[in-house]
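Keep the 3D view open while you read.

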Amino acid sequence: MAVRIPKAEVPVELREAMLSQLGSVPEPMEVSFNNPAVAMANQEFAGKVGTWGAVDAGLKTFAHMAVAAQVGCSWCLDINYFMALNHNLDPAKASQVPRWREAAVFTPLERDVLEYAEAMTNTPTTVTDELSARLLKELGPAALVELTVFIGFANLAGRVNTAHGVTSQGYSDACEIPLANRS
């Protein structure tokens, strides 16, 4: 599938930063720059989301991957497999996120985070009091707020990418993690 909106020119400084960081300019960025104000606001918010530290980065990566698998965002799965290496996550474990219920590799906390990500992604949401209570006990209030907003952001990104027709760019090819299919 090709992107549904033509790619726009990304400002040179940002383009160069993306090339040095990722080796290519992310297609979601190229599409969003058809509206520079929206693109820059999204970049600023994404940058701020990336600075939050109340929740382990690995848990957030797994949560984003669970959202991506559920909404069908192959670009999000692709970049998050790549990010899993930056967070020193086990590649074999990361590859199992789309089928986490059948995989025996996740801790109870990771399972709760993955369940929470899927429950938040369901329409309507299916988050239960019991699941929230377990996460609150394990993570604390600040971290649960962060995780919730992070998963909301992952939903925004994944749903926008799929609506725009953005698909995998091959980032995961560099880390030898096969893109797992959801069971």
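Helices here are DSSP runs of at least four residues, numbered from the N terminus. The peptide bond leading from Thr123 into Pro124 is cis, and its omega is near -5°. Keep in mind that this is a predicted model.

**The overall picture**

How many helices and strands does the protein have? The count is 9 helices and 0 strands. Read along the sequence, that gives the pattern α-α-α-α-α-α-α-α-α.

What about the overall size? The C-alpha trace spans about 45 × 30 × 30 Å along its principal axes. A compact globule with 183 residues would have a radius of gyration near 16 Å, and the protein has 16 Å, so the two agree. Of those 183 residues, 44% count as buried. The accessible surface comes to about 9,200 Å², and carbon and sulfur atoms own 56% of that.

Take the contacts between residues at least 6 apart in sequence: 67% of them join residues at least 24 apart.

In soluble globular proteins, nonpolar side chains tend to be buried together. The largest nonpolar core in this model has 47 residues, and the members that touch the most others are Phe62, Tyr116 and Ile151. Several helices supply at least two residues each, among them helix 1, helix 2 (27-32), helix 7 and helix 9. Which helix gives the largest share of this core? That is helix 4, with 9 residues.

Setting aside neighbours within four places in sequence, Tyr116 is in contact with Val127, Leu131, Ser132, Leu135, Leu144, Leu147, Thr148 and Ile151. Notice that Ile151, one of the residues with the most core partners, is also on that list.

**Rings that pair up**

The structure holds 5 aromatic pairs. Here are two of them, side by side:

| Pair | Centre to centre | Angle between planes | Type |
|---|---|---|---|
| Phe62 and Phe106 | 5.7 Å | 90° | edge-to-face |
| Phe82 and Tyr171 | 6.0 Å | 45° | tilted |

Why is the pair of Phe62 and Phe106 called edge-to-face? Planes over 60 degrees apart count as edge-to-face, and these two rings have their planes at 90°, so they get that label. The pair links distant parts of the chain: Phe62 sits in helix 4 (residues 57-71), while Phe106 is in the loop between helix 6 (91-94) and helix 7 (108-121), 44 residues apart. Both Phe62 and Phe106 are buried.

Phe82 belongs to helix 5 (residues 74-86) and Tyr171 to the segment after helix 9 (141-164), so their pairing ties together parts that are 89 residues apart. Buried means under 20% relative accessible area. Phe82 has 18%, so Phe82 counts as buried. Tyr171 is buried as well, with 4%.

Elsewhere, ring pairs link Phe45, Trp52 and Phe153 into a cluster.

**A lysine under cover**

Is Lys60 buried or exposed? With a relative accessibility of 6%, Lys60 counts as buried. Lys60 is in helix 4, and its side chain makes a polar contact of 2.7 Å with the side chain of Glu146. Beyond residues up to four places away in sequence, Lys60 touches Val49, Trp52, Val55, Glu146 and Phe150. Trp52 also turns up in the ring cluster.

**Out at the start of the chain**

Finally, look at the segment before helix 1 (12-22), where you will find Ala2. Ala2 is exposed, with a relative accessible area of 58%. Ala2 and His164 are 162 residues apart in sequence, yet their C-alpha atoms are 9.0 Å apart in space.

Pro6 is found in the segment before helix 1, and at 58% relative accessibility Pro6 counts as exposed. Between the C-alpha atoms of Pro6 and Glu27 there are 9.9 Å, with 21 residues separating them along the chain. Leaving aside neighbours within four places in sequence, Pro6 is in contact with Val31 and Asn34.

Note on methods. Residues numbered from 1 in each chain as written. Predicted model: local features only at pLDDT ≥ 70, side-chain atom pairs only at ≥ 80, totals over all residues. Heavy atoms only, no water. Phe/Tyr/Trp six-rings, centres within 6.5 Å; stacked < 30°, edge-to-face > 60°. Buried < 20%, exposed > 50% of the residue type's maximum accessible area, 1.4 Å probe, protein only. Polar contact = N/O pair within 3.5 Å; in protein donor to acceptor, adjacent residues only side chain to side chain. Contact = heavy atoms within 4.5 Å. Rg over C-alpha atoms; globule rule 2.2 N^0.38 Å. Areas by Shrake-Rupley, 256 points an atom, 1.4 Å probe, with all protein chains shown as cover. Core = buried A, V, L, I, M, F, W, Y, C linked by side-chain atoms within 4.5 Å.
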